[in-house]
Amino acid sequence: MLDPQRLRTDIDAVAARLAERAFVLDVAAFRALEEERRMVQIRTQELQSARNQLSRRIGQAKAKGEDVTVLMAESSGVNTALAGQERRLEAIQEQLQLQLLGVPNLPHESVPAGRSADDNLEVRRVGVPRTFGFAPQDHVDLGAALGLLDFETAGKIAGSRFSLMKGAMARLHRAIAQFMMDVHSGEHGYTEVHVPYLVNAESMRGTGQLPKFEEDLFAVERSGAEKLYLIPTAEVPVTNIVRGEIVAMEDLPLKFVCHSPCFRSEAGSYGRDTRGMIRQHQFDKVELVQLAHPSRSYEMLEELTGHAEAILKRLELPYRVMTLCTGDMGFSAAKTYDLEVWLPGQQAYREISSCSNFESFQARRMQARFRNDKGKPELLHTLNGSGLAVGRTLVAILENYQRADGGVDIPLALRPYMGGLAHLQTVA
């Protein structure tokens, strides 16, 4: 959530910056509501002062044995008026809060202006796509020929956009996640956490999924209890660890890594990536979360992105790093790098990780703070990124390591997790 004070003092500049995200801030509506809030707050303070003065006068009159009937009646009227103003002020503040919850973050000054993914800026490429001596297949055909990846049975069980893996393919999927967790926790300094896969609405609001993106979530209704939501990413429960907390400055940055399933309705992606494992309702991801001092958050964004890149390098997968433009960033992000892995079956680079700095946007919603060097609470900066999406990493391995005979070599880094198995081959 944006700083309300910034909107009060510099709303035209904020609106202009948001316009670069193709978001139209209703400046007139905000100003009208803010002016109403200001007037009601002034009247509320006046009534509070009158109440306090009357209270003192009543006390003094009683001490002198004087009749306080008239003063008591006046006090009652003031209290009634004050209660009405306080209710009105609370309602206005709730309206302002609801308005602010629908406003995206301001893009960092280094983010390129643009409307779509076509305007994203390539930062670097790492690795050279392999030249095959045969026509490379995509992961769907490879998995089906191997007899290890079954979309038809998954469809029978759950419907479209699910997959079923078996045998060595299922083990490879597990190995990828284990490898990532070991690298990030053992070498990159992240604390491993295991979190709930169901969260409450307050947690979803904290990281920006609610109220704007409820249709993208899977909700679980419960009789007589608060509705819960299946997590779309471990970012939600992990970042909410610090909701309502004040962290010691010397403990920063806090760094967490979490392997979890993710659940997304993909409500806005009708007709996109319907083939295979690229865009599914359920998938696994290893998530990196950092909670940082504001002065270091962009340094930490570079570090976090490098940690995600390290996995691709170890797996020897060609990829590129893209800075997302203003029109392609997520709602809560101030700056995002996408890592896009090369997929021979599609002859294209596809996203495998997004690494973002949210600055204080999420922290303000969560009231996640640290105590600064003056001893005062100050909002944290939050960051996260996939380190990596497990299913898409499996897709990249299948397509980049495929062989002419239909088998798939297993990257050297994963073989210890596969009991020494060097390649996948057709099930007899």
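# Close-up views of the predicted model

Figure 1. Ala22 sits in the loop that runs between α1 and α2. Its phi is near 65 degrees, which is positive although the residue is not a glycine. For comparison, a negative phi is found in most residues other than glycine.

**Figure 2. The whole chain, for orientation.** The protein comprises 11 helices and 18 strands. Its C-alpha trace spans about 105 × 45 × 45 Å along the principal axes. Of the 428 residues, 49% are buried. When contacts between residues at least 6 apart in sequence are considered, 73% of them join residues at least 24 apart.

**Figure 3. The salt bridge between Asp12 and Arg31.** This pair is a salt bridge with an N to O distance of 3.2 Å. Asp12 belongs to helix α1 (residues 4–19) and Arg31 to helix α2 (residues 27–63), so the contact ties together parts of the chain that are 19 residues apart in sequence. Asp12 is partly exposed, at 49% relative accessibility. Arg31 is also partly exposed, with a relative accessible area of 43%. In general, side chains of opposite charge can pair when their charged atoms come close.

**Figure 4. The salt bridge between Arg43 and Glu46 within helix α2.** The side chains of Arg43 and Glu46 form a salt bridge, 3.4 Å from N to O. The two residues are 3 apart in helix α2, so about one helical turn separates them. An α-helix has 3.6 residues a turn, and therefore residues three or four places apart point the same way. Glu46 has a relative accessible area of 43% and is partly exposed. Arg43 is partly exposed as well, at 40% relative accessibility.

Figure 5. In the salt bridge of Lys255 with Glu303, the closest N and O atoms are 3.3 Å apart. The pair links distant parts of the chain, with Lys255 in strand β9 (residues 254–263) and Glu303 in helix α9 (residues 297–314), 48 residues apart. Lys255 counts as buried because its relative accessibility is 15%, and buried means under 20%. Glu303 is partly exposed, with a relative accessible area of 29%. The structure holds 23 salt bridges.

**Figure 6. Helix α9 and the residue that follows.** Helix α9 consists of 18 residues. The distance from its first C-alpha to its last is 26 Å, close to the 26 Å expected at 1.5 Å a residue. Its buried residues include Met300, Leu301, Leu304, Ile311 and Leu312. Also among the buried residues of α9 are Ser297, Thr305, His307 and Glu309. Two alanines of the helix, Ala308 and Ala310, are buried too. Glu316 follows α9 and has a positive phi, near 55 degrees.

**Figure 7. The cis peptide bond from Leu210 to Pro211.** Omega for this bond is near 5 degrees, and the bond is cis. Pro211 lies in the loop between α7 (201–207) and β6 (219–222). Most peptide bonds are trans.

**Figure 8. The cis peptide bond between Gly387 and Leu388.** Gly387 and Leu388 are joined by a cis peptide bond with omega of about 20 degrees. Leu388 is part of strand β16 (residues 381–389).

**Figure 9. Glu359, a loop residue with a positive phi.** The phi of Glu359 is about 50 degrees, a positive value, although Glu359 is not a glycine. The loop that holds Glu359 runs between β13 (348–357) and α10 (361–366).

Technical notes: Residues numbered from 1 in each chain as written. Predicted model: local features only at pLDDT ≥ 70, side-chain atom pairs only at ≥ 80, totals over all residues. Heavy atoms only, no water. Salt bridge = Lys/Arg side-chain N within 4 Å of Asp/Glu carboxyl O. Helix = DSSP H or I, 4+ residues; strand = E, 2+ residues; numbered from the N terminus. Buried < 20%, exposed > 50% of the residue type's maximum accessible area, 1.4 Å probe, protein only. Expected span 1.5 Å × (residues − 1). Contact = heavy atoms within 4.5 Å.
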